[in-house]
Every structure is written in C-alpha cells, then in structure tokens.
Amino acid sequence: KIYLTSIAVFGVSLIETLMSSNILDELSGQRAQRNRVSLGVGAGNVVSGLIGGMGGSASTGMTILANLSNANTRLSSFVASVFFVLIVYAAPVLVNHIPLATIAGVMFYVAIKLFRWRSIVQLVAALLPLRARETLHLDCKVSRSDIFTMLVVMAISLVFDFAIAVLVGVVMAVFIFVWDSSNRIVIEKEVIEEEGTVTYNISGPIFFATAQGFIDIFETEDFEGDPEEVVIMLEGANVYDWSGMKALKTVHDRLADLGKVVALASISPSSRQLMEKNATMWAGVSFLEVEEIDEEMTTGYSTVKPASTMGDSKTEYD
C-alpha cells in the first residue's frame with residue numbers, strides 16, 4: 001500500500017510543481033528551468049523523508065502570491081522557507097492567535113488572482129450553437145471535448161483527490177486525441193492518363209487508430225482501372241508506430257498484387273527513421289527521392305523505378 005501512496009504523492013507533487021512553473025512563466029515572462037526545479041523538489045522530499053518529515057511540492061497559491069508581491073528571485077523561496085521554520089518552531093503560539101478569517105481572506109485573494117475569468121466565457125461559447133455565438137459575438141470558443149475534460153477533472157478533484165483527477169484527465173485526453181486523429185486521414189487522387197501514372201497524396205497521421213481506415217480506403221475493386229504506375233506521396237503524412245507501417249505496407253502489397261508498379265515518395269524524416277529500423281519489412285519496395293520527383297515533373301519522365309530501398313538508404317538522422 002505504501003508504494004501506491006508514494007506513487008500518487010509523486011505524481012501530484014510533480015504535476016503541481018510543473019503547473020506552478022508554467023503559471024509563473026506566464027506571469028513573469030521568463031522561462032523556468034523545470035528539470036532543475038523538479039530535481040530540487042525530489043531531492044528535498046528525499047531528505048525530508050529521511051529525517052521523518054512530510055513531503056511536499058511547489059505551491060501554486062504561494063507562487064502567485066509571491067509574484068504579486070514582486071518576490072521574483074530565488075531568494076524569495078529561501079526566505080519563505082526560513083520564516084516558515086521559524087514560525088513553526090519559534091512562534092506557534094502567535095500563529096494560533098491569527099484569525100481564520102484573515103487566512104481565508106488571503107486565500108480568496110489568491111484564488112481570485114489565479115482564476116481565469118475569461119474561461120467562463122469560453123465555457124459558455126463552447127455550449128452554445130454557432131448561430132447563438134454569432135448573435136452574441138462570441139469568438140472565443142474552444143473544443144467541447146476540452147471543456148468536458150476540464151469539468152470532469154474539476155468534479156473528480158472535489159469528490160476524490162487531485163491524483164485521481166489528473167490520471168482521469170490524461171486518459172480522457174489520450175482517448176480524445178485518438179478519436180480526433182482517426183478522422184484526419186485525407187487522400188487525394190491525381191491521374192495523368194497520357195503518362196500512365198496515378199499519384200495518391202496522403203495527409204494525416206498513420207498509426208494504430210487510423211491504420212484500418214487507411215487500409216479500407218484502398219479497396220481492390222476501386223483501383224483495378226487505374227494506370228499501371230502508382231506513386232504514394234507521403235509529404236503530408238507521418239507514420240508513428242508498427243500499425244502505421246503495417247498499414248502502409250498492406251496498401252503497397254494490395255496495389256502490387258493488381259500488377260501495379262508502386263513507389264513511395266516524400267517520406268518525412270521521422271517516418272523514414274522509424275521505417276529504417278525495420279528495413280526487412282520494406283525489402284523490394286521502391287522509394288522515390290525528392291530530386292527524382294522534381295526531375296520527372298520537369299522532364300515529363302514518369303517511369304517509376306526502384307530508386308532506392310529502405311535498406312540501401314544512407315541518410316542519417318540525429
């Protein structure tokens with residue numbers, strides 16, 4: 001049980017520290033060294049645990065309050081820690097005499113400064129239909145999925161705890177991204193009858209969520225009447241995982257089985273780097289380089305040839 005609790009504390013501590021850094025970046029116009037900040041918080045928690053103390057993290061409220069008080073240097077956090085120790089160990093009786101209303105007033109002030117009031121307008125705009133937004137001149141709409149995620153995370157934070165809320169929010173964001181990306185594959189077909197060539201310009205992410213839909217677009221009966229030479233242009237596409245590579249290879253083999261001469265072209269550096277790690281899959285597949293495509297467009301020469309194969313490529317990527 002202690003391991004699960006420690007992991008939850010670690011996640012909440014790291015997330016709140018990074019959130020505080022992001023907010024401070026916006027308020028101060030400077031960029032914090034997040035790796036150093038996270039390392040410092042982790043080291044402090046380790047030392048605190050060794051001497052029987054309680055772990056902690058950066059405080060968003062205290063960060064905003066310090067910024068509003070023009071305490072923008074590293075000295076401010078050091079002074080705050082020193083005074084906190086002095087108050088706890090040297091003046092606990094005096095602290096007990098501070099009215100709770102005073103502390104609540106400070107927290108309300110911090111909450112008011114922290115809250116982005118424009119987000120309420122964005123929330124309303126996201127819930128209204130287009131005609132209502134045009135009537136009210138609301139041009140600040142954000143995605144309804146983002147608003148839904150925000151409300152769910154806020155509700156879970158109030159009912160359960162922040163760690164569970166963050167975990168649920170991340171999972172929801174991943175599923176929403178996958179769902180949106182699955183509808184972003186766009187294929188444009190360009191046929192040049194006199195040259196006997198057809199080009200498929202593909203745009204969008206090719207990965208596990210879009211792989212089957214990408215394959216389904218290339219139905220066998222729809223391409224039997226196409227010219228013999230086929231170029232699959234991947235200039236606007238990116239292959240992200242094994243499923244994406246498998247889908248691209250399946251489409252290539254499907255066209256090749258129809259007797260077409262197929263070549264892949266304009267592969268992005270990141271996609272090529274991924275594909276080169278599994279060069280065996282691409283054995284016998286023809287690839288056209290950018291220079292060869294430009295030459296064909298200039299001279300009118302369009303014969304697809306095995307310009308290079310994935311295993312023969314000498315291109316290096318950092």
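Here is a quick tour of this protein model, from its overall make-up to a few single residues.

This is a predicted model, so local features need pLDDT of at least 70 and side-chain atom pairs count only at pLDDT 80 or more, while totals for chains, interfaces and linings use all residues. Residues are numbered from 1 along each chain as its sequence is written, and side-chain values use heavy atoms, with hydrogens and water left out.

**Overall make-up**

- The protein has 14 helices and 5 strands; helices (H or I, at least four residues) and strands (E, at least two) are DSSP runs, numbered from the N terminus.
- Of its 318 residues, 29% are buried. Buried means under 20% relative accessible area, exposed means over 50%, and partly exposed lies in between (1.4 Å probe, protein chains only).
- Among contacts (heavy atoms within 4.5 Å) with a separation of 6 or more, 64% are between residues 24 or more positions apart.

**The largest nonpolar core**

- A nonpolar core is a set of buried Ala, Val, Leu, Ile, Met, Phe, Trp, Tyr and Cys residues joined through side-chain atoms within 4.5 Å.
- The largest one has 28 residues, and Phe214, Ile232, Leu264 and Trp282 have the most contacts inside it.
- Strand E2 (197-206), helix H11 (211-217), strand E3 (229-239), H12 and strand E4 (261-265) each give two or more residues to this core.
- Leaving aside residues up to four places away in sequence, Leu264 touches several partners, including Ile232, Leu248, Met275 and Trp282.

**The second largest pocket**

- On a 1 Å grid over the protein atoms alone, a pocket is an open set of points where a 1.4 Å probe fits, with protein on both sides within 12 Å along at least five of seven lines; lining residues have an atom within 4 Å of a point.
- The second largest pocket has a volume of about 1600 Å³; grid points are joined across faces, edges and corners, and a volume is the space filled by probe spheres set on the points.
- Its lining has 35 residues, with Met19, Ile23, Leu114, Arg116 and Met150 nearest the centre.
- Elements that give two or more residues to this lining include helix H1 (2-28), helix H6 (100-114) and helix H9 (144-159). H9 gives the most, with 9 residues.

**Salt bridges**

- There are 2 salt bridges, each being a side-chain nitrogen of Lys or Arg within 4 Å of a carboxyl oxygen of Asp or Glu.
- One joins Asp25 and Arg34, at 2.5 Å from N to O. Asp25 is buried, at 13% relative accessible area.
- Another links Lys249 with Asp253, whose closest N and O atoms are 3.0 Å apart. These two sit 4 residues apart in helix H12 (residues 242-257), so about one helical turn separates them.
- Lys249 is buried at 16% relative accessibility, whereas Asp253 is partly exposed at 28%.

**Two residues with positive phi**

- His137 isn't a glycine, yet its phi is positive, at about 60°. His137 is in the loop between helix H8 (130-136) and H9, and is exposed, at 69% relative accessible area.
- Ser266 isn't a glycine either, and its phi is near 55°. Ser266 lies in the loop between E4 and helix H13 (269-276), and is buried, at 16% relative accessible area.
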